[in-house]
Amino acid sequence: MGSIVLKQVSKVFGEAKVIPSIDLEIDNGEFVVFVGPSGCGKSTLLRLIAGLEDVSGGQIMIDGKDGTNLKPSDRGLAMVFQSYALYPHMSVRKNIAFPLKMANMPQAEIDKKVADAARVLNLTDYLERKPRQLSGGQRQRVAIGRAIVRQPAAFLFDEPLSNLDAALRVNMRLEISELHQQLKTTMVYVTHDQVEAMTMADKIVVLNRGNIEQVGSPLELYRSPRNLFVAGFIGSPK
Ligand code: ADP
Ligand code: MG
């Protein structure tokens, strides 16, 4: 569970070839970070994997099966949105339970899953609060909780920490890394922040204008950047 393979995936918006052609393998349990400058196609690539955009060409294999034309909800993947995507009028409990309610899960089962997720995320004492009564980091954890309860094959994060202040960002970075160690679920994480990429990733995918410049571990990219772009972005100067 949790492998994602892209085969010659492309995306065109009108005249703009935003993703010319990408081949990429994400293994089960890996923490993969897409990094690159603003506008290079990170979000588009993640949205293609999630099924929030249709590919213009190519194939997306999920757990060895062709998922290219599946609806987002049938892909077994969970997109974690930024904390502002919480429902302000609902308690933390209801926010986390929401996707399960939508799936018509029996209430007793929902209660158990919400309690389990709250425990993992240290939210047990906050379940009856409203989002506005939480700190930024707690809100972000609620957003993650909403993904966890669905027990996805992979989590997809699009710059989840960009709304948080610097201190909180460091904290949440560690929390998400810990969560990955605990759950051992595949995570695909988009950021333009080199530090996040270097400290969180098993594998970094460096994107530039919709193309992959290099794929490797943080150490590999740091020690042997393939070109000046990668070097400038994360590596030591070549
Ligand atoms: P990133 O997340 O790396 O900042 P995006 O994937 O959001 O980059 O965008 C990549 C390029 O695709 C940008 O030039 C952007 O303007 C364009 N783009 C993204 N979504 C759309 C869309 N729905 N329609 C037209 N162009 C888009
Ligand atoms: Mg983006």
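Two residues are taken to be in contact if their C-beta atoms, placed from the backbone, lie within 7 Å. On this basis, in the predicted model, the buried residues of helix α4 pack against β6 (77-80), α2 (92-102), α3 (107-120), β7 (154-158) and α5 (166-183).

Helix α4 spans residues 136-148 and has 13 residues. From its first C-alpha to its last it reaches 18 Å, close to the 18 Å expected at 1.5 Å a residue. Because ten of the 13 residues of α4 are buried, the helix is largely enclosed by the rest of the structure. The buried positions are Arg139, Gln140, Arg141, Val142, Ala143, Ile144, Gly145, Arg146, Ala147 and Ile148.

The axes of α2 and α4 come within 7 Å and cross at roughly 30°, and the crossing is right-handed. On the α2 side, the contact involves Val92, Asn95, Ile96, Phe98 and Pro99, which meet Val142, Gly145 and Arg146 of α4. By class, the residues of this contact comprise five nonpolar, two polar and one charged.

Note on methods
Residues numbered from 1 in each chain as written. Chains lettered and ligands numbered in written order. Predicted model: local features only at pLDDT ≥ 70, side-chain atom pairs only at ≥ 80, totals over all residues. Helix = DSSP H or I, 4+ residues; strand = E, 2+ residues; numbered from the N terminus. Expected span 1.5 Å × (residues − 1). Buried ≥ 20, exposed ≤ 12 C-beta atoms within 10 Å, placed from the backbone. Axes fitted to C-alpha atoms, helices over the stretch in contact; angles between N-to-C directions. Left-handed = near helix turned anticlockwise from the far one by under 90°. Nonpolar A, V, L, I, M, F, W, Y, C, P; charged D, E, K, R; others polar.
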